[in-house]
Amino acid sequence: MTEKDKTEQQTTAQAKQQLYTDAYFEKGHWGLKLRQTLVAIFGWICVVVPVVVTVCSFWAAYNPKIPHLWSYSEGVFEIKFIGILLLFAFVMVSLFAVGMTIIQNRKRERVVEQWPTFNPINQKKRETELEKFMDERFGDEEFRHNVRTYQVKPEQNLDTDQIHDLYKKHDLNDLDE
C-alpha cells in the first residue's frame with residue numbers, strides 16, 4: 001500500500017467521522033451541556049407531573065386513602081372515555097395490521113408462484129449447455145427421445161455434482177449470486 005493510498009484512507013476515515021458530531025459529548029462546552037440538560041429535565045417534568053397527577057386523582061376517586069388532587073366527576077368520566085377511545089383505537093389498529101399482513105402474505109405467495117425466482121436468461125443458457133452435455137454423453141436429442149431401450153455404460157454415469165460443476169464452469173449458477 002502506497003503512502004497516497006494511506007493518506008486517502010485517513011482522509012476518508014476523518015470525513016466519515018465528521019458526519020456524526022455532537023458538541024454536547026465533546027470535551028468542554030459546559031454552558032451548552034448545562035442548558036441542554038436543564039431543558040431535558042424540564043421537558044421530562046412537564047411529561048411526568050401531569051401523568052402522575054391524573055393517575056393519582058383517578059385512582060383517588062376509587063380509593064379514599066389516596067389524597068385527592070382533584071375529584072371532578074367530569075374528569076373521571078373523561079379519563080374513562082379516553083381509555084375507551086384508546087382501547088378502540090388499539091383494536092382497530094391491530095385488526096388493520098393483522099389484515100394487511102394476511103393480504104401481503106397472500107399477494108407475495110401469488111407473485112412468487114407467477115414470476116420466476118431465477119434468472120430467465122441464465123436458465124435458457126443452462127438448458128443449452130445441458131443439451132450440449134447430454135448430446136455428447138448420450139447421443140443427439142432425436143436418438144434419446146426415439147430409442148425404446150438404452151443401456152447406460154458405467155463410464156456414462158453422472159457424478160454427484162457434475163451438472164453443478166458444468167454450470168459453474170460456464171458461470172451459470174444462480175445460487176452463487
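A residue is called buried when its relative accessible area is under 20%, exposed when it is over 50%, and partly exposed in between (1.4 Å probe, protein chains only). Lys 132, for example, has a relative accessible area of 44% and is therefore partly exposed.

The model is predicted, so local features need pLDDT of at least 70 and side-chain atom pairs count only at pLDDT 80 or more, while totals for chains, interfaces and linings use all residues. Residues are numbered from 1 along each chain as its sequence is written, and side-chain values use heavy atoms, with hydrogens and water left out.

**Helix H2 and the cysteines**

Helices (H or I, at least four residues) and strands (E, at least two) are DSSP runs, numbered from the N terminus. Helix H2 covers residues 30-60, 31 residues in total. The expected span of a helix is 1.5 Å times one less than its number of residues. The buried residues of H2 are Lys 33, Ser 57 and Ala 60.

Cys 46 is partly exposed, because its relative accessibility is 41%. Cys 56 is also partly exposed, at 27%. With a disulfide defined as a pair of cysteine sulfur atoms within 2.5 Å, the structure has zero disulfides.

**Salt bridges**

Side chains of opposite charge can pair when their charged atoms come close. A salt bridge is a side-chain nitrogen of Lys or Arg within 4 Å of a carboxyl oxygen of Asp or Glu. The structure holds four salt bridges, and the table lists some of them.

| Lys 124 | Glu 127 | 3.9 Å |

Lys 124 and Glu 127 both belong to helix H4 (residues 120-138), where they lie three residues apart, about one turn of the helix. Lys 124 counts as exposed because its relative accessibility is 55%, whereas Glu 127, at 39%, is partly exposed.

Lys 132 and Glu 129 are three residues apart in helix H4, so about one helical turn separates them. An α-helix has 3.6 residues a turn, so residues three or four places apart point the same way. Glu 129 is buried, because its relative accessibility is 16%.

Arg 144 and Asp 135 belong to a network of salt bridges that also includes Glu 131. Arg 144 is partly exposed at 23% relative accessibility, and Asp 135 is partly exposed with a relative accessible area of 31%.
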